[in-house]
Amino acid sequence: MSHDSRERLLRDAAERGIRYLQDLDKRTVYPEPDDLQRLEKALASPLPDAPTNSSEVLSFLDDLGSPATVSSAGGRYFGFVTGGALPATVAANWLATAWDQNCFVFAGSPAVALFEETALGWLKDVLELPVSAEGTLVTGATMANFSCLASARGEVLRRAGWDVESRGLSGAPEIKLIVGEEVHASVLKVLGMLGLGRDTVQRVAVDEQGRMRTDALPRFSGPAIVCLQAGNVNSGAFDPAEQIIPLAHEQGAWVHVDGAFGLWASASPALKAQVRDFKAADSWATDAHKWLNVPYDCGVAFVRSPEALHRAMSISGSYLLRGKSRDAIDVTPDSSRRARAVEVWAALKSLGRTGLAELVERNCRQAKWLAEHLAAAGVEVLNEVNLNQVVVCFGNDERSRRVISTLQGSGVCWCGSTTWQGRHAMRISLSSWATTDADVEKTLAAILAARESEYTNSDAEKTERGP
Ligand SMILES: *Cc1c(COP(=O)(O)O)cnc(C)c1O
């Protein structure tokens, strides 16, 4: 390909990307079924024998792919816990893709290794974690949980005289695994991947917000790992770290924190009291693609003991740091990997401490506003809104199901369904830099309209059917 045609192609891609973002507001938040069907049909073809012109490849992607995407980059997508991508991070991603660095060892890309060192340092600063903790950038909180719990597994067994990295788990001492009843499914998946077993956990009873009950914490001895949650994926509630961490440590346990989005409360002077006590833990997992608003995918793991992370992840099996430079391959489950650090650095550099605090606080204020106005309109709000999550329901499960489906079909916004304390409910997660107050007002109106039309329809049904 000539320089000229490469330039045309990349400019075209950038222009299409810009247009896509600018037009998000003019389309439905969830793609129309027609657009998805058109894409599905176009994709159903065998691998071509002959090459296709790159500009044609790009047109296909934009003409058929773009309309079929979910507008999670926009301001009214509230499904799961989903961040947008700050403009500086999209730009950083585009440039870093042009760099195409392989960031598995320092020598693979000294430049990105330097960005990573700074980014991890800034993350520890803003999340208020120990300066001496070792960190790593992975695909998401699931792999961050994996990295932390692999370190925990190694360390608690090492203290019991067992080297799991060389000997494996057959014949190893048993590890007690303690989680809350409301543990995130990714933690259980990770325990399965680590050979510790999903179903071997002891689940601690929780209160009405999903917080672990301290009085229900079992007594234990020997190798043990306690998994706490900073930010319940539904309610946003925090486990009582102040009570549980000292109790767990007294009994010799490793304490791990799943703080995929909740840990970011540390960034706000007004909200950080909720996470203060989690700092006494031994490891922390969080996401950057949620509240830090970098592009997918990016999660972050921090482990208090650098040696524990090294032992679990070292490529050579030798736990010594090699020389002066830090090689990602010795602290991360991956080998070859992309330059996630560049986007994390760009997010923190572009926001600064105050910008990040403002982003987190704005989403929390929006969540509170929405909850208050929904409650005032007679919608049942099921959680204490302490952060960015709102859980609501609309009468019985059947009605809730129909209102959620009507709302999703409206195209104005998108919220997912969940089960909260046995009830079918709707979860609204405010985690995007792109969400304006006007977006939140539009969302309130759309939710109330969906409820209205649903109630009217079901009342009409009843009348039609007669007594
Ligand atoms: C989102 C989330 C996860 C999983 O994170 P991924 O980035 O999807 O791997 C784990 N725990 C909690 C509490 C979450 O909110």
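Strands S2 and S4 pair in the parallel sense over 4 bridges, where pairing requires that DSSP finds at least two bridges between two strands. Helices (H or I, at least four residues) and strands (E, at least two) are DSSP runs, numbered from the N terminus. Across this pair, Leu 177 stands opposite Ile 225 in S4. S2 is also joined to S3, by 3 bridges, and these two run parallel as well; here Val 179 stands opposite Arg 203 in S3. Of the 5 residues of S2, 4 are buried, buried meaning under 20% relative accessible area with a 1.4 Å probe and protein chains only.

A word on what you are looking at: this is a predicted model, in which local features need pLDDT of at least 70 and side-chain atom pairs count only at pLDDT 80 or more, while totals for chains, interfaces and linings use all residues. Residues are numbered from 1 along each chain as its sequence is written, and side-chain values use heavy atoms, with hydrogens and water left out.

Now turn to helix H8, residues 185-193. Its buried residues are Ser 186, Val 187, Leu 188, Val 190 and Leu 191. They pack against strands S2 (176-180), S3 (202-204), S4 (224-229) and S5 (254-258), and also against helix H6 (141-159); contact here means heavy atoms within 4.5 Å. After H8 comes Gly 195, with a positive phi near 75°.

Next, find strand S7, residues 299-303, where 5 of 5 residues are buried. Both of its faces are covered, with Gly 299, Ala 301 and Val 303 on one side and Val 300 and Phe 302 on the other. S7 pairs in the antiparallel sense with S1 (residues 134-138) over 5 bridges, and Glu 134 has Val 303 of S7 as its bridge partner. S6 (residues 283-287) and S7 are likewise antiparallel, over 5 bridges, with Thr 286 opposite Val 300.

The ligand is our next stop. It is surrounded by 13 residues, and the closest are Thr 142, Asp 258, Asp 287, His 289 and Lys 290; a residue counts if one of its heavy atoms lies within 4 Å. This shell divides into 4 nonpolar, 6 polar and 3 charged residues. For polar contacts, look for pairs of N or O atoms within 3.5 Å. An N or O atom in the side chain of Asp 258 is 2.7 Å from a nitrogen atom of the ligand, and one in the side chain of Lys 290 is 2.8 Å from a ligand oxygen atom. The backbone takes part too: an N or O atom of Ala 141 lies 3.0 Å from an oxygen atom of the ligand. On its own the ligand has 380 Å² of accessible area, and the protein covers 84% of that.

S8 and S9 (residues 389-393) are joined over 2 bridges, and Glu 380 has Cys 393 in S9 as its bridge partner.

Finally, look at Leu 430, in the loop between strand S11 (423-429) and helix H13 (437-465). Leu 430 counts as buried because its relative accessible area is 0%. Leaving aside neighbours within four places in sequence, its contacts include Phe 78, Trp 291, Leu 370 and Val 440. The C-alpha atoms of Leu 430 and Gly 75 are separated by 9.2 Å, although these residues are 355 apart along the chain.

Definitions and conventions. Polar contact = N/O pair within 3.5 Å; in protein donor to acceptor, adjacent residues only side chain to side chain. Areas by Shrake-Rupley, 256 points an atom, 1.4 Å probe, with all protein chains shown as cover. Nonpolar A, V, L, I, M, F, W, Y, C, P; charged D, E, K, R; others polar. Buried < 20%, exposed > 50% of the residue type's maximum accessible area, 1.4 Å probe, protein only.
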